[in-house]
Amino acid sequence: MSKKSQVISFEEQIKRLEQIVQTLDQGNASLDEMLAFYEEGMSLTASCRKVLDEAEQKLTILEKKHN
């Protein structure tokens, strides 16, 4: 199974984002590596945002049911 087809948890995505930020902050990566990290980070950010938006929608529905 390729890495792209694997689903990773929200928490794992956050950990990976933290790793990317640390790597970029160190400034030791080449420009190509930095661009790749940036692209991966943006993709992870979009994925995390989607998960959070879906959770917010579920909470809104639950609140409406209980009010």
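Predicted model: local features only at pLDDT ≥ 70, side-chain atom pairs only at ≥ 80, totals over all residues.

Trainee: What comes after α1 in the chain?

Mentor: Gly27 follows α1, and its phi is positive, near 75 degrees.

Trainee: Which residues of α1 are buried, and how are they arranged around the axis of the helix?

Mentor: The general idea comes first. An α-helix has 3.6 residues a turn, so residues three or four places apart point the same way. In this structure, the buried residues of α1 are Gln13, Leu17 and Ile20. Viewed down the axis of α1, these buried residues fall within an arc of 60 degrees, so they line one face of the helix. The face turned away from that buried side carries the exposed residues Glu11, Lys15, Gln22, Asp25 and Gln26.

Trainee: What covers the buried residues of α1?

Mentor: The covering elements include α2. Viewed from the other helix, the buried residues of α2 are Phe37, Gly41, Leu44 and Cys48, and they pack against α1. Ile20 illustrates the packing: not counting residues up to four places away in sequence, Ile20 touches Phe37, Glu40, Gly41 and Leu44.

Trainee: Which residues make up the largest nonpolar core?

Mentor: That core has six residues in all: Leu17, Ile20, Ala29, Phe37, Leu44 and Cys48. The elements giving two or more residues to this core are α1 and α2. The largest share, three residues, comes from α2.

Trainee: Gln13 has a polar side chain. Is Gln13 buried or exposed, and what does its side chain join?

Mentor: For a polar residue, one reads accessibility and side-chain partners together. Gln13 has 5% relative accessibility and so counts as buried. Its side chain is joined to that of Ser47 by a polar contact of 2.8 Å. Leaving aside neighbours within four places in sequence, Gln13 is in contact with Ile8, Leu44, Ser47 and Cys48.

Trainee: How many salt bridges does a search of the whole structure find, and which side chains meet there?

Mentor: Such a search finds one salt bridge. The partners are Arg16 and Glu40, with 2.8 Å from N to O. Arg16 lies in helix α1 (residues 10–26) and Glu40 in helix α2 (residues 31–66), so the pair ties together parts that are 24 residues apart in sequence.

Trainee: Are these two residues buried, exposed or partly exposed?

Mentor: Arg16 counts as partly exposed because its relative accessibility is 24%. Glu40, at 29%, likewise counts as partly exposed.

Trainee: How far apart are Val51 and Phe10, in sequence and in space?

Mentor: One sets the separation along the chain beside the separation in space. Val51 and Phe10 are 41 residues apart in sequence, while their C-alpha atoms are 7.3 Å apart. Val51 has its place in helix α2, and with 33% relative accessibility Val51 counts as partly exposed.

Technical notes: Residues numbered from 1 in each chain as written. Heavy atoms only, no water. Salt bridge = Lys/Arg side-chain N within 4 Å of Asp/Glu carboxyl O. Helix = DSSP H or I, 4+ residues; strand = E, 2+ residues; numbered from the N terminus. Buried < 20%, exposed > 50% of the residue type's maximum accessible area, 1.4 Å probe, protein only. Arc of directions from axis to C-beta. Contact = heavy atoms within 4.5 Å. Polar contact = N/O pair within 3.5 Å; in protein donor to acceptor, adjacent residues only side chain to side chain. Core = buried A, V, L, I, M, F, W, Y, C linked by side-chain atoms within 4.5 Å.
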